[in-house]
Amino acid sequence: MADKVLTANRLSDGISVWLDAAGTWNEQLQAAFVARHKEAVDALEATGKQALADNKVVDVNVVDVEEVDGVLRPLRMRERIRAEGPTIFYAAGYSGLTATAARAA
């Protein structure tokens with residue numbers, strides 16, 4: 001089973017967020033809680049459903065990630081774009097939502 005994290009978009013402003021180990025929605029993928037077994041994935045799914053019902057987030061998804069040299073990286077391109085920003089030059093000074101060690105390398 002691939003490692004998984006819970007992601008969503010914050011309802012108040014649409015920003016991509018990831019659930020951290022404290023149970024809060026964080027704007028940094030690198031702070032996300034990583035589920036490494038079925039019970040943890042089930043808990044993430046339940047937490048996501050409750051957050052959606054409470055109108056805290058929308059578009060809740062459990063997504064596959066890999067950890068390379070201590071850096072989390074989503075396996076799907078859609079999730080990489082949500083975590084790191086556009087794949088092309090976007091605007092002067094724009095560097096995406098987060099900087100990761102993988103991008104700096």
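1. Let me start with the nonpolar core, meaning a set of buried Ala, Val, Leu, Ile, Met, Phe, Trp, Tyr and Cys residues joined through side-chain atoms within 4.5 Å. The largest one in this predicted model has 11 residues: L6, A8, V17, L19, W25, A35, A40, V41, L44, A51 and V57. At least two residues each come from β1 (3–10), β2 (16–19) and α1 (38–53), and α1 gives the most, with 4 residues. A second, separate core has 9 residues, including W18, L29, V65 and A83. "Buried" here is under 20% relative accessible area, "exposed" is over 50%, and "partly exposed" lies in between (1.4 Å probe, protein chains only).

2. Of the 105 residues, 35% are buried.

3. Do look at the salt bridges, defined as a side-chain nitrogen of Lys or Arg within 4 Å of a carboxyl oxygen of Asp or Glu. The whole structure has 10 of them. R36 pairs with D3 at 2.6 Å, N to O; since D3 sits in strand β1 and R36 in the loop between β3 (25–26) and α1, this pair ties together parts 33 residues apart in sequence. D3 is buried at 18% relative accessible area, while R36 is partly exposed at 46%.

4. R36 also forms a salt bridge with E67, the closest N and O atoms being 3.1 Å apart. E67 belongs to strand β4 (residues 57–68), so here the parts tied together are 31 residues apart in sequence.

5. Within helix α1, K38 and D42 lie 4 residues apart, about one turn, and their side chains meet in a salt bridge of 2.9 Å, N to O. Elsewhere, D59, R78, E79 and R82 are linked in a salt-bridge network.

6. R80, in helix α2 (residues 77–84), deserves a look too. R80 is buried but has no salt bridge, and the nearest side chain of opposite charge, E66, is 6.3 Å away (Lys and Arg count as positive, Asp and Glu as negative; His and chain ends are not counted). Beyond four places in sequence, R80 contacts R73, P74, L75 and G85, contact meaning heavy atoms within 4.5 Å.

7. Finally, the ground rules. Residues are numbered from 1 along each chain as its sequence is written, and side-chain values use heavy atoms, leaving out hydrogens and water. Because the model is predicted, local features need pLDDT of at least 70 and side-chain atom pairs count only at pLDDT 80 or more, whereas totals for chains, interfaces and linings use all residues.
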